[in-house]
Amino acid sequence: MTAAAADEKVASYTPAAESLSAVLAAGQAPPRPSAWSASVTFGWRALLKIKHVPEQLIDVTAFPIMMTLMFTYLFGGALAGSVTEYLQYLLPGIMVTSVVMITMYTGVGVNTDIEKGVFDRFRTLPIWRPAALVGALFGDVLRYVMAGTVILVVGLILGFRPAGGVDGVLLAMVLLVVFSFAFSWIWTMFGLLLRSEKSVMGVSMMVLFPLTFLSNVFVEPDTMPGWLRAFVEVNPITHLVAATRGLMQGVPDAGEITWVLVSSAVLIAVFGSLTMRLYNRK
């Protein structure tokens with residue numbers, strides 16, 4: 001190819017000024033999205049992931065139903081002499097156990113996005129930096145509400161009758177969701193810290209099983225040995241169950257409710273700060 005032909009070929013690919021102006025956006029650039037707007041957008045992304053992979057809802061539907069049925073009929077006759085009577089005590093605790101257990105999937109999801117390089121792309125966007133993490137937690141709030149609702153419906157079918165009425169149940173659900181949102185920051189931190197989603201799940205289960213089962217979910221701490229009772233009484237899940245149970249039974253405990261709200265604020269302050277520090281260094 002001669003030099004003249006090469007110059008002619010290059011010239012043929014040179015876009016005209018009219019073509020460039022046609023594809024370029026006119027006017028000023030759109031304003032940078034607010035922190036709230038960006039977080040809600042990422043929350044919607046989390047919901048779209050559920051839409052495209054509905055199997056993710058197994059842990060908020062099948063798992064809570066299985067937990068409710070299994071422990072109600074396994075322990076009801078032995079501990080209370082009546083399944084229906086035991087259900088009045090058990091259901092608030094099972095609701096707390098099921099919802100708190102699924103909080104670990106927040107960390108698993110964050111770790112998966114990091115491994116796939118998704119978060120690297122998010123960090124190049126002109127948005128509030130924590131928006132991707134906060135949005136993921138917003139999306140998981142719906143999962144907590146769904147899990148709690150499924151357990152409540154199953155409980156009502158089996159004979160659960162909350163003396164606190166609709167107001168007591170709604171307040172208990174709100175309190176549980178607030179604590180679960182705060183608790184999720186722990187697993188978000190581990191999602192950034194650990195190398196694989198299996199590691200996140202392993203650490204989460206190692207922490208969650210003792211917290212949920214060594215509590216007042218199934219029996220009163222009065223029946224336990226002294227050394228175990230000492231652990232149960234300082235267990236945060238014990239306080240959450242006591243507050244939730246009191247609201248549903250129509251005898252709210254202001255001390256337990258305050259403890260849960262304060263501990264939620266502390267969890268967000270401590271683990272939220274650690275999470276963002278790890279995220280900025282990642």
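Student: What volume does the largest cavity have in this predicted model?
Tutor: Rolling a probe the size of a water molecule over the atoms shows where empty space is left. The count comes to one cavity of 30 Å³ or more. The volume of the largest cavity is about 50 Å³.

Student: Are helices α5 and α10 roughly parallel or roughly antiparallel?
Tutor: Helix α5 covers residues 83-101, and helix α10 covers residues 197-213. Their axes come within 11 Å and cross at roughly 170°. Angles over 145 degrees count as roughly antiparallel. That makes α5, relative to α10, roughly antiparallel.

Student: How many charged residues are in the contact of α5 with α10?
Tutor: From α5, the contact takes in T97, V100 and M101. They meet M205, L208, F209 and T212 in α10. Five of the contact residues are nonpolar and two are polar.

Student: Is the pair of F75 and F218 stacked or edge-to-face?
Tutor: The whole structure holds 14 aromatic pairs. In the pair of F75 and F218, the ring centres are 5.9 Å apart and the planes are at 75°. Planes over 60 degrees apart count as edge-to-face. The pair is therefore edge-to-face.

Student: How many residues apart are F75 and F218?
Tutor: F75 is in helix α4, residues 58-80. F218 is in the loop between α10 and α11. The pair links distant parts of the chain, and the separation is 143 residues.

Definitions and conventions: Residues are numbered from 1 along each chain as its sequence is written. This is a predicted model: local features need pLDDT of at least 70, side-chain atom pairs count only at pLDDT 80 or more; totals for chains, interfaces and linings use all residues. Side-chain values use heavy atoms; hydrogens and water are left out. Axes are lines fitted to C-alpha atoms, for helices over the stretch in contact, and angles run from 0 to 180 degrees between N-to-C directions. Helices (H or I, at least four residues) and strands (E, at least two) are DSSP runs, numbered from the N terminus. Angles under 35 degrees count as roughly parallel, over 145 as roughly antiparallel, 65 to 115 as roughly perpendicular and the rest as oblique. Contact means heavy atoms within 4.5 Å. Ala, Val, Leu, Ile, Met, Phe, Trp, Tyr, Cys and Pro count as nonpolar, Asp, Glu, Lys and Arg as charged, and the others, Gly among them, as polar. On a 1 Å grid over the protein atoms alone, a cavity is a set of points where a 1.4 Å probe fits but cannot get out, and a pocket is an open set with protein on both sides within 12 Å along at least five of seven lines; lining residues have an atom within 4 Å of a point. Grid points are joined across faces, edges and corners, and a volume is the space filled by probe spheres set on the points. Rings of Phe, Tyr and Trp (its six-membered ring) pair if their centres lie within 6.5 Å; planes under 30 degrees apart count as stacked, over 60 as edge-to-face and the rest as tilted.
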